[in-house]
Amino acid sequence: MPRDALLLLSRLLLAALFVPSGFHALTNIAGTSGYFSGLGLPLPTLAAWATGLFELIAGLLILVGLKTPVVALLLAAFCIAAGFIGHYGQGGDDPTLTFMHSQMLMKDIAISGGFLALAMAGAGAYSIDGRMLRIGAETT
């Protein structure tokens, strides 16, 4: 598969996680704030709004491929922070919850790796960045 098509697919798949998550957080501020409060975060309602807006806007920017290297680096850092804040050491005495949270932490770390690769590769030709830089689509 050509490089630009794979970059488009990677952007679509990564955005498919963040756009709905941000939308859900913003349409359920009480639930998101309650989760953050349970984690002991200060100002959980403000954190819920900030997180929801960041996930939605950053996800949309990745989707369309605008400012991709910078946004991908921010999302990579966000994934690491969210993974450690939300999952590291969680689960208490319940081995099932402990296992689930450790898997979620590893998922967040892996997603950050995808964002780092996207930051390095750029958005490709099928993106706003590509149009602005006049990158032609590869045919190989």
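Here, contact means heavy atoms within 4.5 Å. Everything in these views comes from a predicted model.

**View 1. L75 and the residues it touches.**
Start with L75, which you'll find in helix α4, spanning residues 68-86. Leaving out anything up to four places away in sequence, L75 touches F18, F54, A58, I62 and F115. Is L75 buried or exposed? With a relative accessibility of 0%, L75 counts as buried, because the cut-off for buried is under 20%. For a sense of scale, look over at I29: 46 residues separate L75 from I29 in sequence, and their C-alpha atoms sit 21 Å apart in space.

**View 2. H101 and its polar contact with H87.**
Next up is H101, part of helix α5, which covers residues 95-121. What does the side chain of H101 join up with? It's the side chain of H87, through a polar contact of 3.0 Å. H87 also shows up among the residues that H101 touches, alongside G86, Q90 and G91, once residues up to four places away in sequence are set aside. H101 has 13% relative accessibility, so it counts as buried.

**View 3. Helix α1 against helix α5.**
Two packed helices are described by the angle between their axes and the distance between the axes. For helix α1 (residues 3-27) and α5, the angle is about 140° and the axes are 11 Å apart. That's why α1 and α5 count as oblique to each other, and their crossing is left-handed. On the α1 side, the contact is made by R3, L7, S10, R11, L14, L17 and F18, while α5 brings I111, G114, F115, L118 and A121. Sort those residues by class and you get eight nonpolar, two polar and two charged.

**View 4. Helix α2 against helix α3.**
Last, helix α2 (residues 29-38) meets helix α3 (residues 44-64), with axes that come within 8 Å and cross at roughly 120°. That angle makes α2 oblique to α3, and α2 passes α3 in a right-handed crossing. Which residues meet here? From α2 there are I29, T32, S33, F36 and S37, and from α3 there are P44, T45, A47, A48, W49 and T51. By class, the contact of α2 with α3 has six nonpolar and five polar residues, with no charged ones.

How values were computed: Residues are numbered from 1 along each chain as its sequence is written. This is a predicted model: local features need pLDDT of at least 70, side-chain atom pairs count only at pLDDT 80 or more; totals for chains, interfaces and linings use all residues. Side-chain values use heavy atoms; hydrogens and water are left out. Helices (H or I, at least four residues) and strands (E, at least two) are DSSP runs, numbered from the N terminus. Buried means under 20% relative accessible area, exposed over 50%, partly exposed in between (1.4 Å probe, protein chains only). A polar contact is a pair of N or O atoms within 3.5 Å; within protein, one must be able to donate a hydrogen and the other to accept it, and residues adjacent in sequence count only if both atoms are side-chain atoms. Axes are lines fitted to C-alpha atoms, for helices over the stretch in contact, and angles run from 0 to 180 degrees between N-to-C directions. Angles under 35 degrees count as roughly parallel, over 145 as roughly antiparallel, 65 to 115 as roughly perpendicular and the rest as oblique. A crossing is left-handed if the near helix is turned anticlockwise from the far one by less than a right angle, and right-handed if clockwise. Ala, Val, Leu, Ile, Met, Phe, Trp, Tyr, Cys and Pro count as nonpolar, Asp, Glu, Lys and Arg as charged, and the others, Gly among them, as polar.
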